[in-house]
Amino acid sequence: MVKTQIVLAAEEAPNPVLPHLSELILGLVAFLILLWLLKKYAVPRFEKMYEERTAAIEGGIAKAEKAQAEAEEALAKYQAQLKDAYSEAAKIRDDARLEAERIKEELRAEAQDEAARIIAQGHAALQAQKAQIVTELRNELGRNSIELASRIVGEHLEDEVRRRGTVDRFLAELGSAGNGAGK
């Protein structure tokens with residue numbers, strides 16, 4: 001009997017690798033309920049979170065694209081304004097250069113006019129001085145000539161008309177002698 005009991009005990013002992021049929025059915029039902037619960041509650045939440053995240057990412061991308069477009073537009077405006085500023089600066093520089101040339105020419109013309117005026121005044125002053133000196137020299141020469149002639153001739157030449165005639169004749173003779181010698 002001991003031998004039979006061991007054999008019966010060996011036949012009755014369950015295989016540890018193979019589960020019982022009731023455990024298998026219970027495990028399958030529990031797995032199906034778990035799948036149904038996941039499909040009913042968890043998967044829609046995961047899908048909703050996935051869609052929200054996708055929308056947020058796409059919204060972020062759209063915002064980034066919009067911000068990039070605005071930045072490119074602002075950059076284009078800035079570059080256009082900078083180009084306008086450079087061209088305006090170049091125009092102002094050219095205008096200033098032309099204005100400086102015009103002012104320089106005006107100042108040069110004024111200086112030349114002033115120099116011509118000063119030269120003309122100098123010539124006029126020289127002519128006046130020359131005329132005054134010639135007049136003084138004629139008077140002095142006339143006096144000296146009359147005095148000398150009075151001594152030579154021995155008569156007094158005080159008559160104004162005679163004196164002038166004598167002086168003019170003497171100067172004419174001097175002028176013709178000077179012109180003849182210069183030729």
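The structure is a predicted model, in which local features need pLDDT of at least 70 and side-chain atom pairs count only at pLDDT 80 or more, while totals for chains, interfaces and linings use all residues. Residues are numbered from 1 along each chain as its sequence is written, and side-chain values use heavy atoms, with hydrogens and water left out.

Confidence is given as pLDDT, the predictor's score for each residue from 0 to 100. The chain has a mean pLDDT of 83. Of its residues, 84% reach 70 or more. Among the elements, helix H1 (residues 2-12) has the lowest mean, 56. Helix H2 has the highest, 89.

The chain contains 3 helices and 0 strands. Helices (H or I, at least four residues) and strands (E, at least two) are DSSP runs, numbered from the N terminus. The order of the elements from the N terminus is α-α-α. Helix H2 covers residues 21-153.

The chain has 183 residues, and 4% of them count as buried. Accessible areas come from the Shrake-Rupley method with a 1.4 Å probe, and for residues only the protein chains shown count as cover.

A nonpolar patch lies on the surface. Its members are Leu-21, Leu-24, Ile-25, Val-29, Ile-33, Trp-36, Leu-37 and Tyr-41. Together they have about 820 Å² of accessible area. Patches are made of residues with over 30% relative accessible area and no salt bridge; like charges are joined within 9 Å, and nonpolar side chains (Val, Leu, Ile, Met, Phe, Trp, Tyr) within 5 Å. Ile-33, one of the patch residues, is found in helix H2. Ile-33 has a relative accessible area of 45%, so this residue is partly exposed.

A UniProt record, from an unreviewed entry, places the feature "transmembrane region" at residues 20-38. UniProt positions are given in the numbering used here, feature names are shortened, and annotations may be inferred rather than shown by experiment. In the model, residues 20-38 are 95% helix and 0% strand. The end C-alpha atoms of this span lie 27 Å apart.

Charged pairs were examined next. Side chains of opposite charge can pair when their charged atoms come close. A salt bridge is a side-chain nitrogen of Lys or Arg within 4 Å of a carboxyl oxygen of Asp or Glu. The whole structure holds 7 salt bridges.

One of them joins Asp-94 and Arg-97, at 3.1 Å from N to O. Both residues lie in helix H2, 3 residues apart, or about one turn of the helix. Asp-94 is partly exposed, at 37% relative accessible area. Arg-97 is also partly exposed, at 48%.

Arg-102 and Glu-106 form another salt bridge, with an N to O distance of 2.2 Å. These two residues are 4 residues apart in helix H2, so about one helical turn separates them. Arg-102 is partly exposed at 39%, and Glu-106 is partly exposed at 36%.

In the bridge between Arg-117 and Glu-114, the closest N and O atoms are 2.1 Å apart. Arg-117 and Glu-114 stand 3 residues apart in helix H2, so about one helical turn lies between them. Arg-117 has 39% relative accessibility and counts as partly exposed. Glu-114 is partly exposed at 35%. Elsewhere, salt bridges that share partners join Glu-99, Arg-102 and Glu-106 into one network.

Arg-143 also lies in helix H2. Arg-143 is partly exposed, with a relative accessible area of 47%. Arg-143 and Val-167 are 24 residues apart in sequence. In space, their C-alpha atoms are 8.6 Å apart.

Note on methods: Buried < 20%, exposed > 50% of the residue type's maximum accessible area, 1.4 Å probe, protein only.
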